[in-house]
Amino acid sequence: MGKSEDQNSGIKLVCRNRKATHLYHILEEYEAGLVLTGTEVKSLRGGAADLNGSYARLEKDECQLVGATIAQYEQAGINNHEPTRKRKLLLHKAEIYKIRTKLEQRGFTLVPLRIYFNSRGLAKIELALARGKRQYDKRKKITERQQKRDIDRDMTVSYTHLRAHETSLHLVC
């Protein structure tokens with residue numbers, strides 16, 4: 001969960017949910033604001049957040065982030081926040097209704113992908129409307145990745161072997 005900056009857009013990445021793309025088929029993505037306390041913002045700026053096992057839920061026309069962990073800010077003392085509390089997400093009403101209709105269908109879930117600070121310094125979260133992958137889909141993806149890795153490895157070995165052969169020919173001539 002290292003911090004990185006996207007130089008072109010001024011986005012400062014805080015954390016990413018790496019398992020989301022492995023466990024889900026991402027269908028649509030949404031950007032939402034986060035309602036945070038001061039100590040949570042300070043902790044996020046330090047990169048102390050974890051999205052593993054978290055999800056978003058719609059309750060009473062509001063979107064809530066559940067299960068995300070933002071570590072306590074060490075310098076806060078007794079005025080610290082609860083690390084795993086529910087956090088309100090700021091979405092437009094039309095987006096909430098659109099998401100609600102999708103979530104009512106079987107198999108859809110709302111998964112957080114990453115937390116970042118935009119160019120204006122506001123904390124944002126990228127949510128994805130996703131459908132869970134089957135076990136065989138995951139295995140298929142792993143075998144495809146392994147085959148691509150093997151092909152790339154073979155290509156680099158044959159290329160270096162070819163370069164070595166060319167240099168030996170130059171030495172002979």
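Reply: Happy to. Take β6, and start with one of its pairings: L65 in β6 is the bridge partner of A56. That contact belongs to the pairing of β5 (residues 55–59) with β6, an antiparallel pair joined by five bridges. Strands here are DSSP runs of E at least two residues long, helices are runs of H or I of at least four, and both are numbered from the N terminus. Two strands pair if DSSP finds at least two bridges between them.

Before going on, some ground rules. This is a predicted model, so read it with that in mind: local features need pLDDT of at least 70, side-chain atom pairs count only at pLDDT 80 or more, and totals for chains, interfaces and linings use all residues. Residues are numbered from 1 along each chain as its sequence is written, and side-chain values use heavy atoms, leaving out hydrogens and water.

Back to L65. It also has a bridge partner in β8, namely R87. β8 covers residues 87–90 and pairs with β6 over three bridges, again in the antiparallel sense. So how enclosed is β6 itself? Four of its five residues (62–66) are buried, so the strand is largely enclosed by the rest of the structure. Buried means under 20% relative accessible area, exposed means over 50%, and partly exposed is in between, using a 1.4 Å probe and protein chains only.

Now the turn. The hairpin of β5 and β6 has two residues between the strands. K60 has a positive phi of about 50° even though it isn't a glycine. D61 is also a non-glycine residue with a positive phi, near 60°. As for cover, K60 has 81% relative accessibility, so it counts as exposed. D61 comes in at 40%, so it counts as partly exposed.

Of the 173 residues, 31% count as buried. Among contacts (heavy atoms within 4.5 Å) between residues at least 6 apart in sequence, 66% join residues at least 24 apart. The chain exposes about 11,500 Å², with carbon and sulfur atoms supplying 51% of that; the areas come from the Shrake-Rupley method with a 1.4 Å probe, and for residues only the protein chains shown count as cover.
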